[in-house]
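Please read the points beside the sequence and the coordinates.

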Amino acid sequence: MKIPRKRTSRAPQFALTSMLDVIFLLLCFFVTVSVFSQWESEISIKLPSATTSEQPDRLPGEIIVNISMEGVVKVNGAVLTLEDLQGRLAKISKFYPGQPVIIRADKETKYEEIVKVIDTCRAADVWNFSLATENQ
């Protein structure tokens, strides 16, 4: 007598639910990062205007150095001395040569203060820096 067997083996299935969870978390991460990577703009800083000014494409990991009218240097909202700025930039340029730095100085800032920040960048081996302006 032949006993009928039930087939209990099923084809392997792909765990779609956990993959969707991972994709959703990645989406949340990238949306959050893109929000925080917007231009860091100090409200009190009024940029000088230039007729040839244009809005550059934002590079990932760009460092923005804000210089107030009084010569106060800020990076990511933190007030830094020139020595602290040089230390940070030196660490970054050691691991990421060619790191772009944007210097945003108020149009009333003394030229001497801007030159101090440029010298600090050069002392930290950062040569890829630019000065921010706004379009007229």
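1. The face of helix 3 turned away from its buried side carries Tyr 111 and Ala 123, both exposed (exposed is over 50% relative accessible area, buried under 20%, partly exposed in between, with a 1.4 Å probe and protein chains only). Helices (H or I, at least four residues) and strands (E, at least two) are DSSP runs numbered from the N terminus.

2. This is a predicted model, in which local features need pLDDT of at least 70 and side-chain atom pairs count only at pLDDT 80 or more, while totals for chains, interfaces and linings use all residues. Residues are numbered from 1 along each chain as its sequence is written, and side-chain values use heavy atoms, with hydrogens and water left out.

3. Buried in helix 3 are Glu 113, Ile 114, Val 117, Ile 118, Thr 120 and Cys 121. They cover an arc of only 155° around the axis, which puts them on the same side of helix 3; the arc is that of the directions from the helix axis to the C-beta atoms.

4. The cover over these buried residues includes strand 2 (63-67), strand 3 (73-75), helix 2 (82-95), strand 5 (101-105) and strand 6 (129-131), where contact means heavy atoms within 4.5 Å.

5. One salt bridge is found in a search of the whole structure (a side-chain nitrogen of Lys or Arg within 4 Å of a carboxyl oxygen of Asp or Glu). Glu 113 forms a salt bridge with Lys 116, with 3.8 Å between the closest N and O atoms. Both residues lie in helix 3 (residues 111-123), three residues apart, about one turn of the helix. Glu 113 is buried at 19% relative accessible area, whereas Lys 116 is partly exposed at 33%.

6. Following helix 3 is Asp 125, with a positive phi near 65°.
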